[in-house]
Amino acid sequence: MPVLKQLSTVVFDCADPAALAAFYQKATGWEVTSSGEDFASVGNGTPVQLGFVRVAGYRPPSWPDGATQVHLDFTVTDLDGAVEELVGIGASRPDFQPGEGRWIVLTDPEGHPFCLVPDASGG
């Protein structure tokens, strides 16, 4: 039997946990499940949440320098529309875009990269 039972939270280091939780709440429609000075989280009722923890002297990842260790992929039904909406709420679109248009890389307001992938099911 495995020692690890269930992934519960993917936690991001950041400078402002509440602000980053608010960004992801707007981006995903998930609820803010915790919000404080040093930690905040969002979730949608499933076992896995996104968490954000304050780190003194936080330095954002520098896409695409190779130092990025983890990123999230989100499926979307309208790639161009999703990019426009997410940039409108604070995401950035880096110049470097691998994948030849099959997906789009954005960064959240604190510099964490995430990818938008078209929903292959069409829905």
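## Phe74 and the model it sits in

Phe74 has its place in strand S5, where strands (E, at least two residues) and helices (H or I, at least four residues) are DSSP runs numbered from the N terminus. The model is a predicted one, in which local features need pLDDT of at least 70 and side-chain atom pairs count only at pLDDT 80 or more, whereas totals for chains, interfaces and linings use all residues. Residues are numbered from 1 along each chain as its sequence is written, and side-chain values use heavy atoms, with hydrogens and water left out.

With neighbours within four places in sequence left aside, Phe74 is in contact with Tyr24, Thr28, Phe114, Cys115, Leu116 and Val117, contact meaning heavy atoms within 4.5 Å. Between the C-alpha atoms of Phe74 and Leu106, which are 32 residues apart along the chain, the separation is 11 Å.

## The three-stranded sheet

Three strands form an open sheet in the order S5-S7-S6, with mixed pairing; two strands count as paired if DSSP finds at least two bridges between them. Strand S5 (72-76) and strand S6 (104-107) stand at the edges with a single partner strand each, so one side of each is left without a neighbour in the sheet. From one strand to the next the twist averages 30°, where axes are lines fitted to C-alpha atoms, for helices over the stretch in contact, and angles run from 0 to 180 degrees between N-to-C directions.

The pairing of S5 with strand S7 (residues 113-118) is parallel and extends over five bridges; Leu72 has Phe114 as its bridge partner in S7, and Val76 has Pro118. S6 and S7, by contrast, pair in the antiparallel sense over four bridges, with Cys115 of S7 as the bridge partner of Val105. The hairpin of S6 and S7 has five residues between the strands, and in this hairpin Gly111 takes a positive phi near 95°. Helix H2 (residues 79-88) lies across S5, S6 and S7 and runs at about 150° to S7.

## Thr107 in strand S6

Thr107 is found in strand S6 and has a relative accessible area of 11%, which means that Thr107 is buried (buried is under 20% relative accessible area, exposed over 50%, and partly exposed in between, with a 1.4 Å probe and protein chains only). When residues up to four places away in sequence are not counted, Thr107 touches Ala91, Ser92, Pro94, His112, Pro113 and Phe114.

## The four-stranded sheet

A further open sheet has four strands in the order S1-S4-S3-S2, again with mixed pairing. Strand S1 (9-14) and strand S2 (31-35) are at the edges, each with a single partner strand, so one side of each has no neighbour in the sheet. Neighbouring strands of this sheet are turned by 20° against each other on average, direction ignored. H1 packs on the sheet and touches S1, S2, S3 and S4, its direction making about 10° with that of S3.

Strand S3 (residues 39-43) and strand S4 (residues 49-54) run antiparallel and are joined by four bridges. Within S4, Val53 is the bridge partner of Phe39.

## The second largest pocket

The second largest pocket holds about 210 Å³ of space. On a 1 Å grid over the protein atoms alone, a pocket is an open set of points with protein on both sides within 12 Å along at least five of seven lines, and lining residues have an atom within 4 Å of a point; grid points are joined across faces, edges and corners, and a volume is the space filled by probe spheres set on the points.

Of the 14 residues that line this pocket, Ala27, Thr28, Val76, Ala82 and Leu86 lie nearest its centre. Helix H1 (17-28), S5, H2 and S7 each supply at least two residues of the lining, and H1 gives the most, with five residues. By class, the lining has nine nonpolar, three polar and two charged residues, where Ala, Val, Leu, Ile, Met, Phe, Trp, Tyr, Cys and Pro count as nonpolar, Asp, Glu, Lys and Arg as charged, and the others, Gly among them, as polar.

## Backbone geometry in the loops

Most residues other than glycine have a negative phi, and most peptide bonds are trans. Glu100, found in the loop between H2 and S6, has a positive phi near 50° and is exposed, with a relative accessible area of 76%. The peptide bond from Trp63 to Pro64 is cis, with omega near 5°, and Pro64 lies in the loop between S4 and S5.

Notes
1 Å grid on protein atoms, 1.4 Å probe; cavity = no way out; pocket = protein on both sides within 12 Å on 5 of 7 lines; lining within 4 Å.
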